[in-house]
Amino acid sequence: MSDPAAGATPHDAGPHEHVHRHGGDGWVQCRCGHRHWGLHGAAGLLLVRRDATGAPTHVVLQHRATWSDQGGTWGVPGGALAPGESAVDGALREAHEEAGIDPGAVGVRGVHVLDHGDWAYTTVLADGLVEVHPSETDAESIEVTWVALDQVPSHPLLPAFAQAWPTLRARLETR
C-alpha cells in the first residue's frame with residue numbers, strides 16, 4: 001500500500017485506501033443472475049466534448065483499477081448511489097470523487113437506464129459547459145481521460161458499457 005502524500009499516484013493505493021464510502025455500498029444479487037454493486041442502484045457520468053458545430057468529439061472514460069469489479073476495463077466514472085440520492089446527483093458526485101469533474105461544469109442532457117427491476121444502472125449524459133480537465137482523484141482509477149468517440153470501442157470496455165455504447169453514442173449525436 002502506498003501513501004499518495006509521499007508522491008504515489010492514486011491508482012497505486014490498495015482497494016481500501018482513498019475510496020469514498022457511504023451507505024449505498026454493497027452487492028445486490030440481482031434476479032438477472034448477476035451480482036451488481038450498489039444497494040440502491042448505481043450511476044455514472046458520460047461527459048461529452050463537442051466541436052464548434054455541436055457535434056460530439058470526445059467522452060471522458062475511466063480506466064478502472066485492477067482490484068475493482070471487472071477491473072482493468074474502461075467505462076464512465078460512477079458507482080453506487082447513496083441512500084435517497086437521485087441517479088443524476090449520484091453520477092455527478094461519483095464523477096467528482098473519481099475524476100475531479102466539477103458538477104457545475106457540466107450540463108445534463110438526459111439519462112439512459114439499464115433496469116433489471118430490482119437493480120438499475122443510470123448513465124447520465126452531459127455536455128461540458130466549460131473546459132473540463134478530468135484526472136485520477138482516487139484509488140478507483142488507473143487513468144481518466146478524454147477519448148475520441150471513434151476510439152472508444154478500441155479500449156477493453158466494461159462489458160455492460162460496451163453493450164450500451166452504440167445506443168449511448170447515438171444519443172450523444174442527436175441534437
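Biologist: In β8, what is the bridge partner of L45?

Modeller: The partner is V124. This is a predicted model, in which local features need pLDDT of at least 70, side-chain atom pairs count only at pLDDT 80 or more, and totals for chains, interfaces and linings use all residues. Residues are numbered from 1 along each chain as its sequence is written, and side-chain values use heavy atoms, with hydrogens and water left out.

Biologist: When do two strands pair, and how do β3 and β8 run?

Modeller: Two strands pair if DSSP finds at least two bridges between them; strands are DSSP runs of E with at least two residues, and helices are runs of H or I with at least four, numbered from the N terminus. Here β3 and β8 run parallel, joined by seven bridges.

Biologist: In which sense do β7 and β8 pair?

Modeller: Antiparallel, over nine bridges; V106 has G128 as its bridge partner in β8. β7 and β8 form a hairpin with four residues between them, and G117 in the turn has a positive phi of about 90°.

Biologist: How is the span of helix α1 judged?

Modeller: The expected span is 1.5 Å times one less than the number of residues. Helix α1 (residues 87-99) has 13 residues and reaches 17 Å from first C-alpha to last, close to the expected 18 Å. G100, which follows α1, has a positive phi near 65°.

Biologist: Is α1 mostly covered or uncovered?

Modeller: Buried means under 20% relative accessible area, exposed over 50%, partly exposed in between (1.4 Å probe, protein chains only). Ten of the 13 residues of α1 are buried, including L92 and R93. The buried residues pack against strands including β3 (42-50) and β8 (120-128), where contact means heavy atoms within 4.5 Å.
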